[in-house]
Amino acid sequence: MTTAWDHPLRASARLPAAMILESHHPDPPSEQRTESTSRNALVEVGHDGLETELHPIRRQPTPMGAHSSMARHGRSPETLVGRQAEQAELDRLLSAARAGTGGALVLVGEPGIGKTVLLRYAADRATGFRVLSCRGVPGETELAFAGLHEMLWPVIDRLDGLPGEQAVALRGALGLGAARGNRMLIGVAVLTLLSELAEQQPLLVVVDDLPLLDAPSRNCLTFVARRTAADPILMLFATHPGAAGSAPGTLPTRIVAGLDEDSAKQLVAQDNPGLSPLRTRRLIDLTAGNPLALRELGRTAVGSLGPAADPRLALGPRLRAAFDAELARLTAVQRTALLVAAAADGADAVVVQQAAQLVGVSAVDWLAAEDSGLMRIADGRIVVRHPLIRAAAYEAATPDERRVAHAALAEVFAARDPDRRAWHLAAAAEQPDEEIAAMLDAVAERAWARGGSTSAAQTLRRAAGLSPDAGAAAVRLSRAARAAWDSGDVETARELLSAADGRADAGVVAAAGGGLAGLLELGQGNPARAQQVLRADAERVDPRFRREIQHAELRAEWATGASLTDRQNDELAARDRDSGAELPPWLLPMLDMVLALGTETHALQLFTSGIERMRADGPISWLGYTLGQRAILNFVLGRWDDATTDAAEALRLAPDFTGRKTVADSQVALGFIAAMRGEETIATEYTAQTLAFSQPRHYLPVTAMAQWCRALSELTAERPDRAYELLDRIATPGDSAHHPTLAVLSAADAIEAAVRSGRADRAQRHLTLLRDHVERTGAAWAAADLACGRAQSASGTVAGNHFAEALDLVPVSRPLATARIRLLYGEWLRRARRRKDAQEQLRSAQRIFEQVDAGPWAARAARELAMTGERPTGEPVGGTPAAPLTAQELQVAKMAATGLTNREIAARLLISPRTVGHHLSNVFPKLGLARREELAKVDFEHGFRLTP
């Protein structure tokens with residue numbers, strides 16, 4: 001039997017139960033957890049004496065330069081996060097030096113990027129080396145040869161072995177004798193000393209914070225570094241980009257950039273495993289993958305990381321200290337220029353320069369600030385070199401200095417951009433100001449109307465902070481919550497709504513929030529409670545939200561098990577609507593009603609076009625929910641790979657953008673597939689998690705779906721008696737698993753289970769449900785199930801006629817339903833000794849089951865075929881995987897086949913273009929393709945064959 005883990009596509013998309021829990025962030029292994037929370041974490045000592053944790057590796061026994069060796073020989077260092085390329089280069093250089101070929105490397109990166117960690121890594125790997133080190137210190141920058149003194153102090157006794165003039169010159173430089181000799185001679189003396197030391201054992205020289213090293217030491221060491229190729233000496237330097245006094249360009253350099261997305265996520269998870277994926281991505285964007293910032297802000301700034309949060313993040317003293325040296329290089333006026341640029345946040349260069357002039361920055365000082373390398377003009381806009389430098393420059397200024405900068409920007413923007421003017425006036429305000437708050441209201445409305453709901457949420461939150469009246473602040477917070485919801489930032493929406501609660505009349509707050517409380521309750525909690533809230537809100541919300549809230553109330557009513565009118569059922573199924581119409585996401589069909597009314601083909605068109613619109617234009621908050629619904633639809637339509645892909649993406653989006661209902665839908669889809677494939681443990685795992693959500697909240701249709709899934713697993717295992725017990729509960733009013741729509745949808749399985757377990761008399765109640773549904777709706781699928789059910793309860797010619805009728809009625813869009821009818825018909829035909837007719841039905845059923853890898857069902861058909869006398873073909877039951885693609889590889893490949901670029905695919909899937917490229921690089925060899933264009937010829941639905 002094929003298991004879930006045997007099929008590469010399913011194995012990758014199948015998520016263990018731990019990942020389906022509410023947090024979606026399981027704790028790291030105990031070793032990681034201990035290491036990341038321990039005070040044994042490696043630290044970098046800042047220039048103010050503060051210790052800054054960088055990566056979770058053990059602290060060295062002594063700081064660099066305290067002894068002649070900083071390596072822990074005989075012990076392998078801990079694995080650094082995301083620095084494999086840098087580690088490989090350092091290992092290569094160490095191996096070369098160990099073999100007798102010297103070298104040098106300058107690590108260039110922003111403060112906090114992890115250069116010191118890499119230097120320590122090299123020292124820790126330098127087994128058999130003598131290690132000498134020094135570090136630049138601000139207070140010693142003007143003290144000649146202070147750095148050289150620190151580095152050579154452990155080997156000061158070796159000076160006596162130098163040639164006479166060299167020894168005198170070096171002693172003088174180190175303050176051990178009268179200053180004599182020129183600097184060239186000093187450099188030669190150091191080179192001689194290091195070469196002699198290297199004759200005994202390879203030598204590693206480590207120089208951290210090179211720009212802060214005194215100039216004589218810096219010049220001497222870079223002089224030596226260019227002359228060690230013939231000696232077993234490796235010299236490593238660390239510096240900042242654009243810093244004055246960095247090593248000359250003649251030395252090899254390695255840019256140490258921010259961590260890639262996966263590594264950054266790993267580092268964040270070590271310190272804050274509960275941080276949602278959305279806020280993790282926001283943190284990575286804000287910090288550009290800077291490890292120090294990821295760890296510091298991941299601990300302290302969790303509440304400020306939503307996309308709708310204040311775009312300016314407070315760094316705090318520990319993080320800002322890492323950038324003090326950068327800012328200290330500027331004069332006071334140049335720092336003012338940088339402050340204005342930071343406050344303007346990427347504005348037009350002309351505007352920023354004019355604002356800077358208003359606060360006293362001359363043209364000369366402006367050019368000097370540009371020359372510092374901390375900011376530059378790109379495409380006509382002012383760009384600060386790194387987001388953290390921008391934040392540090394802003395935070396280092398006093399509140400008055402910041403207000404003055406914003407006031408100047410507001411004055412310049414007055415004639416250019418009223419929206420930006422309002423923002424800067426708000427930032428310049430010293431106290432609550434209703435007039436400015438009202439201006440921000442108008443800014444928010446304009447942004448919202450243009451689709452900028454994230455900007456609207458940020459603006460309304462700021463307006464609330466400027467509101468003198470508590471009631472007005474509550475209304476603005478509630479509106480900000482609704483805007484955040486529309487942007488897909490559900491976590492921030494919930495926080496803002498909670499902040500608004502209790503500050504004004506509940507009805508007023510609810511109206512301002514566009515009924516958001518009820519929508520959140522429907523997605524996360526009790527549908528009966530959601531119905532009450534939505535019904536009250538529908539009468540008082542802004543007209544633009546009213547239809548949405550009324551429709552959500554109808555969904556909640558259905559979820560409680562209420563009987564709906566035919567018109568209401570049609571509305572939930574989106575029946576009789578133009579498939580080309582651009583329906584808002586909340587008007588897209590509800591899956592259960594689609595299945596009940598048999599509008600699956602129409603619904604698939606609506607879902608697919610709606611999902612594409614949401615990917616491009618939003619709102620993202622509905623995307624995961626719609627994908628979860630489409631996953632179940634794809635299961636019914638026999639598109640199980642697509643169902644798995646949709647469910648996997650929905651589960652990935654659920655923690656950020658939707659809620660537990662989305663998770664439940666996705667679990668059910670995956671559970672049904674597992675059930676049909678005989679993967680009982682997996683199906684049970686998914687349904688257990690689903691029931692844990694639905695039963696306490698009395699979410700009846702979700703509970704019924706989970707019960708149906710378990711019953712199908714029992715049918716697959718040929719335990720019909722247990723299957724019937726589960727299915728009968730769905731059709732029993734008053735039972736906690738009862739739901740009228742699901743009772744009809746599952747009736748065919750209940751009939752089969754009843755008949756196969758010897759309780760054919762109990763099939764009648766389920767036949768009655770199907771008959772009534774056919775009379776009310778005329779649904780073809782229900783008519784086919786009714787005919788098939790009657791066939792199982794009849795005998796002779798009557799049974800055969802009913803089976804034939806069922807096959808004539810079953811929709812071609814439901815291949816699995818067709819296969820199961822053919823299987824039952826074939827079994828009946830074999831028992832009636834009509835072997836050739838039976839073989840025809842059974843072969844057809846077996847072929848469909850094998851196409852979706854429903855092994856147990858294909859095996860059942862094969863057994864029946866064998867009993868008719870037909871020989872097996874030798875093809876393994878269930879077939880073999882067509883191509884070992886993961887769920888996301890399949891999704892990316894299908895999109896690329898349509899001609900979308902990596903960037904366009906990334907935007908739709910909310911992943912990085914780099915990740916898209918990684919998936920495609922795996923797809924090509926798996927499918928045996930040489931070029932991207934060949935993807936358009938792949939038949940993804942039928943064995944990944946290439947079409948002509």
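1. Let's start with the sheet in this predicted model. Five strands make up an open, parallel sheet, and reading across it the order is β4-β5-β6-β3-β7. The edge positions go to β4 (130–135) and β7 (253–255); each has a single partner strand, so one side of each is left without a neighbour in the sheet. From one strand to the next, the twist averages 15°.

2. A pairing worth a look in your viewer is that of β5 with β6. Strand β5 covers residues 203–208 and strand β6 covers residues 233–239; the two run parallel and are joined by five bridges. Within this pair, valine 206 stands opposite leucine 236 of β6.

3. Next, the helices that meet the sheet. Helix α3 (residues 84–98) packs on the sheet and touches β3 (103–108), β6 and β7. The direction of α3 makes about 150° with that of β6. Helix α4, formed by residues 115–125, lies across β3, β4, β5 and β6. Relative to β5, α4 runs at about 165°.

4. Stepping back to the whole protein, the secondary structure comes to 47 helices and eleven strands. Of the 948 residues, 56% are buried.

How values were computed. Residues are numbered from 1 along each chain as its sequence is written. This is a predicted model: local features need pLDDT of at least 70, side-chain atom pairs count only at pLDDT 80 or more; totals for chains, interfaces and linings use all residues. Side-chain values use heavy atoms; hydrogens and water are left out. Helices (H or I, at least four residues) and strands (E, at least two) are DSSP runs, numbered from the N terminus. Buried means under 20% relative accessible area, exposed over 50%, partly exposed in between (1.4 Å probe, protein chains only). Two strands pair if DSSP finds at least two bridges between them. Axes are lines fitted to C-alpha atoms, for helices over the stretch in contact, and angles run from 0 to 180 degrees between N-to-C directions. Contact means heavy atoms within 4.5 Å.
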